[in-house]
Amino acid sequence: MKTTDSTSSDNQKIGKTILNDLHQTGLWKTIRDDFLGLQDFFLTRDRKKRLQNMGKVKRWLFLVWWLLKTLFFKLTPARRILLLIALFLMPSFQFGRTTANTNFLGELIILFVLMLELKDKLVAQNELAEGRAIQKALAPPPMPNVPNWELWLFTQSANEVGGDLIDFLELDQDRYAVALGDVSGKGLPAALLMAKLQATIRALAPEAESLPDLVFRINRIFYRDVLPQNFSSLVYLELGSNSHEIRFINAGHLPPVVVTKMGFKETSKGGPALGLLPNAEYSQQTVILQEGDFLLIYSDGLTEALNEQGEFFGEERLFTLFEKRSHLSAREMGEKLLADVRQFVGHSRLGDDLSLVVLKRIA
């Protein structure tokens with residue numbers, strides 16, 4: 001049986017809370033970000049483009065009207081009726097010489113509708129927070145220990161839960177696997193499919209006869225169990241401590257990049273993404289890393305990160321960052337790339353899940 005702990009809210013003082021809110025650093029930035037989030041969530045792409053071509057006054061009038069209209073239709077039928085009743089009661093009515101002041105009743109009804117919406121949001125937030133905790137529990141350590149290699153794994157969700165897969169498996173005494181996948185969509189639906197994909201990989205990988213056979217079987221299961229519009233890209237690789245060789249399969253993902261002291265090179269494109277074709281076949285690729293060489297695998301959340309001017313970070317900007325960084329450790333390389341992306345994005349909100357795997361041969 002689930003109970004609600006209201007002790008903290010019962011002991012809160014309204015006046016003190018308001019004073020703390022007013023002194024909070026970044027208050028106006030938070031309000032601005034929330035307003036931009038409203039536009040991003042409620043407005044269609046077509047309406048956003050139409051707003052850009054309007055004058056300032058006209059743009060604000062249309063923006064407010066579209067937001068209110070969308071909000072009205074997002075309410076449940078019962079809450080829409082309550083909102084209409086509240087708006088009807090807001091003005092004061094004159095009956096002969098008697099004035100009926102009903103605006104207070106209208107305000108109470110609006111407050112009641114807001115409380116219902118807040119309750120729904122808090123329930124959803126609690127469930128998403130629990131889902132996020134489960135995702136963290138299933139995640140590998142950020143720096144797995146593999147002799148003669150440095151590994152650094154990173155993922156950041158655009159929402160409370162994400163659809164990017166980062167995983168590390170120790171398959172046997174000297175056989176290790178790393179997987180980076182990007183499930184279509186965002187949020188909870190993508191997170192559920194990501195968990196499905198992770199479980200499938202962990203179940204099949206230890207006994208796989210070859211990498212092409214493994215990814216073929218993963219794709220068959222993923223195609224069978226997901227909806228027609230769902231798919232996922234995947235890079236799955238295996239390596240050993242006593243070998244400079246990395247064997248991998250690319251299923252519809254951005255090509256991994258090899259970075260050496262002489263420059264960088266993208267690997268070949270792979271086969272189709274998982275879930276698109278029931279009997280898709282995949283070819284194994286191999287790269288040889290000498291001491292000091294890197295292999296980087298990243299999701300499109302990195303290259304498609306948007307700044308406040310609507311510009312993409314892009315692959316060209318990413319590739320220029322590889323120069324003169326071959327002396328760094330795997331973790332330093334990854335953290336510097338992320339720092340550059342965050343500086344480029346500025347105050348813009350992360351639009352997609354962002355994941356990065358950095359491998360470096362150190363012996």
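What is the relative accessible area of glutamate 335, and which class does that put it in?

Tutor: Glutamate 335 has a relative accessible area of 37%, so the residue counts as partly exposed. The classes are these: buried is under 20% relative accessible area, exposed is over 50%, and partly exposed lies in between, with a 1.4 Å probe and protein chains only.

Some ground rules. The model is predicted: local features need pLDDT of at least 70, side-chain atom pairs count only at pLDDT 80 or more, and totals for chains, interfaces and linings use all residues. Residues are numbered from 1 along each chain as its sequence is written, and side-chain values use heavy atoms, without hydrogens or water.

Glutamate 335 has a partner. Arginine 331 forms a salt bridge with it, and the closest N and O atoms are 2.9 Å apart. The rule for a salt bridge is a side-chain nitrogen of Lys or Arg within 4 Å of a carboxyl oxygen of Asp or Glu. Both residues sit in helix H12 (residues 330–345), 4 residues apart, about one turn of the helix. Elements are DSSP runs numbered from the N terminus: helices are H or I with at least four residues, strands are E with at least two. Arginine 331 is partly exposed, at 40% relative accessible area. Elsewhere, salt bridges with shared partners join Asp172, Arg175, Glu238 and Arg247 into one network.

Arginine 247 bridges to glutamate 238, with the closest N and O atoms 3.1 Å apart. Here the two ends fall in separate classes: arginine 247 is partly exposed at 25%, whereas glutamate 238 is buried at 3%.

The count of salt bridges comes to 7. Another of them pairs arginine 202 with aspartate 167, at 2.7 Å between the closest N and O atoms. Arginine 202 lies in helix H8 and aspartate 167 in strand S4, so this pair ties together parts that are 35 residues apart in sequence. Arginine 202 is partly exposed, at 33% relative accessible area. Aspartate 167 is buried, at 3%.

H8 and S4 also bear on a pocket. The second largest pocket holds about 280 Å³ of space. Its lining takes two or more residues from each of H7, strand S3 (149–156), strand S4 (164–172) and helix H8 (187–204). There are 16 lining residues, and Gln135, Ala139, Pro140, Thr155 and Ile166 lie nearest the centre. By class, the lining divides into 8 nonpolar, 5 polar and 3 charged.

The pocket terms need spelling out. On a 1 Å grid over the protein atoms alone, a pocket is an open set of points where a 1.4 Å probe fits, with protein on both sides within 12 Å along at least five of seven lines; lining residues have an atom within 4 Å of a point. Points are joined across faces, edges and corners, and the volume is the space filled by probe spheres set on them. Nonpolar covers Ala, Val, Leu, Ile, Met, Phe, Trp, Tyr, Cys and Pro; charged covers Asp, Glu, Lys and Arg; the others, Gly among them, are polar.

Follow H7 next. Helix H7 spans residues 103–138 and contains leucine 111. Leucine 111 is partly exposed, at 46% relative accessibility.

Asparagine 148 is partly exposed, at 27%.

Isoleucine 246 sits in strand S7 and has a relative accessible area of 0%, so it is buried. Its C-alpha atom is 33 Å from that of valine 345, 99 residues away along the chain. Proline 256 lies in the loop between strand S7 (245–251) and strand S8 (257–260). Proline 256 is buried, at 1%.
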